[in-house]
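Here's a quick look at a ligand site and some aromatic contacts. Have the structure open while you read.

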Amino acid sequence: IHSTALGPALGGTRFYPYESEEEALADVLRLSKGMTYKSAAAGLDLGGGKAVIIGDPHHDKSERLLRAYGRMVDTLQGRYITAEDVGTTTQDMDTIAKETRWVVGNSVAMGGSGDPSPVTARGLYAATRAVAERLWGTTDLSERTFAVQGVGKVGSAYVQLLVEARAKVVIADSFPPALETAKERFGVDTVPLDEIHKVECDIFSPCALGGVLNEETIPELNCKAVVGSANNQLATEKDAERIADRGILYAPDFVVNAGGVINVYDQLNGYSKTRALHLVDSIFDSTKKILKVAEDEGILPVQAAEKVAEQRIEEIGDLRRLRRSGDDRA
Ligand code: NAD
């Protein structure tokens, strides 16, 4: 749990074969802080938290383990709320929900909000339109060119939206079946893995891994902007400056990929898809606001996003010191 200033600390459970407990701890602390900023920048009443389970999800996952984990989450009495992340699925959330009510993103059949990935793609698309408006004075994406790295759950749904908007799309993916499926479904071109970030395009969209914007790749970028769903795209803080120095607009990942957390957040109020999608579409406005703050104050978009998040934590978080009648959260 990194922060409960704005509300319960919500963040997914990552199931990953970390080499050591130290490595797992470093990752979960970094990720939980990221959730605090993501939710605050999205204007949600949520703090930030995350959980990791050390193990190989393909071999070490079992009903018993997930239920034991659910019982652990339950002991936190709602200060931490879990959801899916790398290595966990909607079905895993159903299993965890047998032991605790502090879980969201479980399946629609079990009364949950379901897989957040298509909603994340929708939010990413809204952010893309905001970036287009900033750069080209129009939200129209037809004839714009995109290079999408990773066509998994989010990437493929995003490509679908881009193709529907008549944009030109090039893709790459390390998993041949995902690549072939997307190629056939959307009629888009493919390039080798180590080429995708070099493609001459309007927008490069990392939708696979973190750390893809680094000392080696940034000089090779051939785009006007980077807008993608992957978490922690910048390898280091310095890389935000490196991108700006190349005249490329970087839309902060934690702002543009907030659709998933917005969707699961809505489940806390009794899930309404209409309301959740309405909130997700407001990523258009939050992205515009952050780019404007960056421009007005002469700071990087990442710094502007952190500033907006910190302001909200201070202004609204402070309110919770005033106890409401019957308030059990203060
Ligand atoms: P996913 O596992 O379904 O898709 C990732 C895809 O990237 C896979 O098809 C994989 O084969 C491919 N890939 C892996 N390494 C690659 C490489 N080196 N080059 C090209 N492709 C590669 O995951 P997802 O749910 O689509 O998430 C994608 C990214 O977005 C992740 O970084 C995730 O943390 C982030 N994210 C996802 C959500 C969500 O709602 N699913 C929300 C916020 C952020």
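The notes below go through the ligand shell and then the aromatic side chains.

## Around the ligand

Keep in mind that this is a predicted model. There are 21 residues around the ligand, and Thr120, Lys153, Val154, Asp173 and Ala208 come nearest. Sorted by class, that shell has 10 nonpolar, nine polar and two charged residues.

On its own the ligand would expose 830 Å², and the protein buries 76% of that. Helix H5 (117–136) and helix H6 (153–164) are the elements that give two or more residues to the shell.

## Aromatic pairs

You'll find two aromatic pairs here. Tyr16 and Tyr18 have ring centres 5.1 Å apart and planes at 65°; that angle is over 60°, so the pair counts as edge-to-face. Tyr16 is partly exposed at 39% relative accessible area, while Tyr18 is buried at 7%.

The other pair, Phe146 with Tyr158, is edge-to-face too, at 6.4 Å centre to centre and 85° between the planes. This pair links distant parts of the chain, with Phe146 in strand S5 (residues 145–149) and Tyr158 in helix H6, 12 residues apart. Phe146 is buried, with a relative accessible area of 1%, and Tyr158 is buried at 0%.

## A charge over a ring

Last stop: Arg144 has its charged end over the ring of Trp136, 3.9 Å from the ring centre.

Conventions: Residues are numbered from 1 along each chain as its sequence is written. This is a predicted model: local features need pLDDT of at least 70, side-chain atom pairs count only at pLDDT 80 or more; totals for chains, interfaces and linings use all residues. Side-chain values use heavy atoms; hydrogens and water are left out. A residue is near a molecule or strand if one of its heavy atoms lies within 4 Å of it. Accessible areas come from the Shrake-Rupley method with a 1.4 Å probe; for residues, only the protein chains shown count as cover. Helices (H or I, at least four residues) and strands (E, at least two) are DSSP runs, numbered from the N terminus. Ala, Val, Leu, Ile, Met, Phe, Trp, Tyr, Cys and Pro count as nonpolar, Asp, Glu, Lys and Arg as charged, and the others, Gly among them, as polar. Rings of Phe, Tyr and Trp (its six-membered ring) pair if their centres lie within 6.5 Å; planes under 30 degrees apart count as stacked, over 60 as edge-to-face and the rest as tilted. Buried means under 20% relative accessible area, exposed over 50%, partly exposed in between (1.4 Å probe, protein chains only). A charge sits over a ring if NZ of Lys or CZ of Arg is within 6 Å of the ring centre and within 35 degrees of the ring normal.
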